[in-house]
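Let's take a look around this protein together.

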Amino acid sequence: MSKPLSKIVIIGAGFAGLSVAKALAKAPVEVTLVDQQNHHLFQPLLYQVATAALTPADIAVPIRRILRRQRNVSVAMDRLLTVDKEKQSVTLESGTTLPYDILIIATGAQHSYFGNDHWAEAAPGLKTLDDALSLRDRVLKAFEQAEQIVETDREAAERKLRFVIVGAGPTGVELAGSVSELSQSMMRDFRKITSDMVEVILIEGADRVLPTFPEKLSARSKIYLEQLGVDVRLNTRVTDVSDTQVQTDKEEIETATIIWAAGVRASSVAEWLGSEAGPNGRIVVDDTLRPGGHDNIYVIGDAARYEQDGAPLPGIAPVAKQMGAYVGKRLAREAEEQDVSKTFRYKDAGALATIGRNRAVADIYGLQVTGFLGWLLWGAAHVYFLIGFKNRLFVTLQWIWSYLTWQRGVRLIMDRKRSK
């Protein structure tokens, strides 16, 4: 009688969870992949949806389509509620209970307002397609509203066109550059507002933008931002946020549009597992990516805190993908009763960030590249990692069109809240 197949449940279809599932393609196991959405999202380009450069369909692919040929995987659009470690089962929001032999939690991260969650409504972040579309509406509406009131209340119009971005990591820097370029491309379509009325302010608590990048690239990025007209304010901490202003430890900034890119925290993993959370809610894992005391549970991606060479790995897509691939291969070998003694080690290929047209910084295997060449490397890397030929083709064509015409092709205000 053959041995029953191991039941593997993966919670989360981001970079980490999807990488596990794909690595198990030929393994003698039964996999169930659970996610709240029906699509896998390429988050590194989410800011381009928010700034009208790409459509949601360009950076999102249905999970079932990605895994349609993988017969050992079932997909469930659902949400995890509880984990019963003794019974080895999870309960989902739909009421479904899934038994597991191996549980993999790859639920990613969400915005962190450092204990000030009431700021969220006034200063939305950028993690989902809903976030991106809401932010796109908000930015585009600011221009429309400013055009209507500029002749009667110029000060109010300028306040509408003052965009404050909190946090100068990759998301904040790329958003600031993209919002600035969007405003420049839109000016030819308006009659009353002018480009000198638009102000993009980037606030960062550290002493440089892109704090995790080499100092040389951080300095170059700041120059690029300032060339685009972005007002970069370093060593500045936000102390309060409201619908009409951002208060810092140095001044009050009147604005109608605030974007939060300052921090993230892990999802409810600690609560689900009854474990103690580390910094930012992440679960400390060992060199096999398992929390202490859990032989059949793995935590990967942004939900995991793994230290390598004395420092925790960052919550970025390459780390998540490598963690997922490692766990998938390990479980495949285990299912085939092969050696699983190899531990996880992240191979850092470098980091990239773009700051608008022809401006980017890249650190690839220690080689630091800036300017147009860095911008080409950034574009090539992101197109390469997009899932699906159609997505790669459409994104490439959209970028070429935008580059040649200086136009953004998706300037649609959906006003989804009012339509509901």
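## Around the cavity

Strand E21 (304-305) and helix H10 (317-335) each give at least two residues to the lining of the largest cavity. Helices (H or I, at least four residues) and strands (E, at least two) are DSSP runs, numbered from the N terminus. Among the lining residues are Arg282, Ala304, Arg305, Tyr306, Val319 and Met323. A cavity here is a set of points on a 1 Å grid over the protein atoms alone where a 1.4 Å probe fits but cannot get out, and lining residues have an atom within 4 Å of a point. The volume is about 30 Å³.

This is a predicted model: local features need pLDDT of at least 70 and side-chain atom pairs pLDDT 80 or more, while totals for chains, interfaces and linings use all residues. Residues are numbered from 1 along each chain as its sequence is written, and side-chain values use heavy atoms, leaving out hydrogens and water.

## Two helices side by side

How do H11 and H12 run relative to each other? The axes (lines fitted to C-alpha atoms over the stretch in contact, with angles from 0 to 180 degrees between N-to-C directions) of H11 (residues 371-385) and H12 (residues 389-405) come within 9 Å and cross at roughly 150°. The two are therefore roughly antiparallel, the label for angles over 145 degrees. Contact (heavy atoms within 4.5 Å) involves residues including Trp375 and Trp378 of H11 and Trp399 of H12.

## A covered helix

In H1 (residues 15-23), seven of nine residues are buried, meaning under 20% relative accessible area with a 1.4 Å probe, protein chains only. Phe15 and Leu18 are among them. Their cover includes strand E1 (6-11), strand E2 (29-35) and H10.

Conventions. On a 1 Å grid over the protein atoms alone, a cavity is a set of points where a 1.4 Å probe fits but cannot get out, and a pocket is an open set with protein on both sides within 12 Å along at least five of seven lines; lining residues have an atom within 4 Å of a point. Grid points are joined across faces, edges and corners, and a volume is the space filled by probe spheres set on the points. Angles under 35 degrees count as roughly parallel, over 145 as roughly antiparallel, 65 to 115 as roughly perpendicular and the rest as oblique. Buried means under 20% relative accessible area, exposed over 50%, partly exposed in between (1.4 Å probe, protein chains only).
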